[in-house]
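Student: I have a structure open and would like to go through it with you. Can we start from one buried spot and work outwards?

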Amino acid sequence: MSPTLNKHVVSIGGSKGGSAKTLTSHMLCQGLGLRKYSSILATSDARRNVRNDENRIYDTFSAKSDEALNALLEHFSNVEIKVTSLVVIDGGASRSQFDVELAKSSSLVLIPFLTAYEDIEVAIADVENLRVNLSEEDFELVRLLPSKYPTNPFSRDSTEKLFNQMFTDEHRQMMLPPVIEMNAAAKLNRPDLKEIPSDVNNLSRRLADQILINLNEDPFQYRERKF
Ligand SMILES: Nc1ncnc2c1ncn2[C@@H]1O[C@H](COP(=O)(O)OP(=O)(O)OP(=O)(O)O)[C@@H](O)[C@H]1O
Ligand SMILES: [Mg+2]
């Protein structure tokens, strides 16, 4: 597969339910929009609702059927080299094989995880499953994303201890800076999206910047862009 193909697809996977896949998808699209990248949030989990209200600065799309998902991937694999538009695919839990197949069509694969023992255990198992089922080249696109990371210094300390105990150096190298806990961020996944607090926007922007840097994109290049 040519490296310029599928440069626009970020997939969000992981087999644990409630690991922040959907909220990460929304935050990423929100942050991309604030950086003047257009994006589409594609929901692939048939058990979830698509948020298609008009107030969002990103599009949403139902990719619940294989046909719809394949059409979307096909479309984005044909777009010319410059990345102005991305598709973020919210994977849905308990679908390890699906995650492997999706990773093969992605330019970046995120595994968000909450910071408790069992969540870390499952995230590591997911990474190892991708390692054995992907080519070396595709596996290099996999990133771990600590989510709902504590803001309190004492909890942060014990979280870091747990990370040191459970993750190998290699896992640490695949890890993006954490997304901190922010209850107001959940607003992004409500059907009646209204005003978004500035701290949620800042958190979303920070996440988008990390992702763009990992895609070798300059987060500021479309600063002056008008839609
Ligand atoms: N950074 C954060 N700060 C506060 N709450 C968070 C954060 N990230 C996730 N959450 C909360 O954790 C819960 C689970 O998140 P989310 O729905 O995104 O998980 P999911 O992986 O999509 O779940 P499912 O597997 O059921 O689809 C939600 O209530 C969400 O608001
Ligand atoms: Mg979800």
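Student: Leaving out residues up to four places away in sequence, which residues does V179 touch?

Tutor: V179 touches T24, M27, L145, S147, Y149, L203 and L207 once those sequence neighbours are left out. Keep in mind throughout that this is a predicted model.

Student: Where is V179 found, then?

Tutor: V179 sits in the loop between α7, which covers residues 169-173, and α8.

Student: And is V179 buried or exposed?

Tutor: V179 counts as buried because it has 23 C-beta neighbours inside 10 Å, and the cut-off for that class is 20 or more.

Student: How far is V179 from K148?

Tutor: Their C-alpha atoms are separated by 6.0 Å, although V179 and K148 are 31 residues apart along the chain. K148 is itself in a loop, the one between β6 and α6 (153-166), and it counts as buried because it has 22 C-beta neighbours inside 10 Å.

Student: What about the backbone of K148, what is its phi?

Tutor: Phi of K148 is near 55°, which is a positive value in a residue other than glycine.

Student: How far is I180 from V10 in space?

Tutor: I180 and V10 are 20 Å apart, C-alpha to C-alpha, and 170 residues apart in sequence.

Student: L203 keeps coming up, so let's turn to the helix. Which residues of α8 are buried?

Tutor: The buried residues of α8 are V200, L203, S204, L207, A208, I211 and L212. What covers them includes β1 (9-12), α1 (21-34) and β5 (108-113).

Student: How many residues does α8 have, and what distance does it reach?

Tutor: α8 runs over residues 198-214 and has 17 residues, reaching 24 Å from its first C-alpha to its last, which is close to the 24 Å expected at 1.5 Å a residue.

Student: What happens just after α8?

Tutor: Just after α8, N216 takes a positive phi of about 60°, and this is a residue other than glycine. N216 is exposed, because it has 9 other C-beta atoms within 10 Å.

Student: Now the strands. How many residues of β5 are buried?

Tutor: Six of the six residues of β5 are buried, so the strand is largely enclosed by the rest of the structure.

Student: Which of them point which way?

Tutor: L108, L110 and P112 point one way from β5, whereas V109, I111 and F113 point the other way, and all of them are buried. In a regular strand the side chains alternate between the two faces of the sheet.

Student: What does β5 pair with, and how do the strands run?

Tutor: On the β6 side, five bridges join β5 to β6, and the two run parallel. β1 is also joined to β5, by three bridges, and these two strands run parallel as well. As for particular partners, R143 in β6 is the bridge partner of L110, P112 stands opposite L145 in β6, and V109 in β5 is the bridge partner of S11.

Student: How many residues of β6 are buried?

Tutor: Four of the five residues of β6 (residues 142-146) are buried, so this strand too is largely enclosed by the rest of the structure.

Student: Changing topic, which residues come nearest to ligand 1?

Tutor: Of the 18 residues around ligand 1, K21, T22, L23, A93 and A186 come nearest. The residues of that shell divide into seven nonpolar, seven polar and four charged.

Student: Last one, on confidence: what is the mean pLDDT, and where is it below 50?

Tutor: The mean pLDDT of the protein is 90, and 93% of its residues reach 70 or more. Over residues 1-6 the pLDDT is below 50, and beyond near neighbours in sequence this stretch has seven contacts in the model.

Methods
Residues numbered from 1 in each chain as written. Chains lettered and ligands numbered in written order. Predicted model: local features only at pLDDT ≥ 70, side-chain atom pairs only at ≥ 80, totals over all residues. Near = placed C-beta within 6 Å. Nonpolar A, V, L, I, M, F, W, Y, C, P; charged D, E, K, R; others polar. Expected span 1.5 Å × (residues − 1). Buried ≥ 20, exposed ≤ 12 C-beta atoms within 10 Å, placed from the backbone. Contact = placed C-beta atoms within 7 Å. pLDDT = per-residue confidence, 0-100. Pairing = 2+ DSSP bridges.
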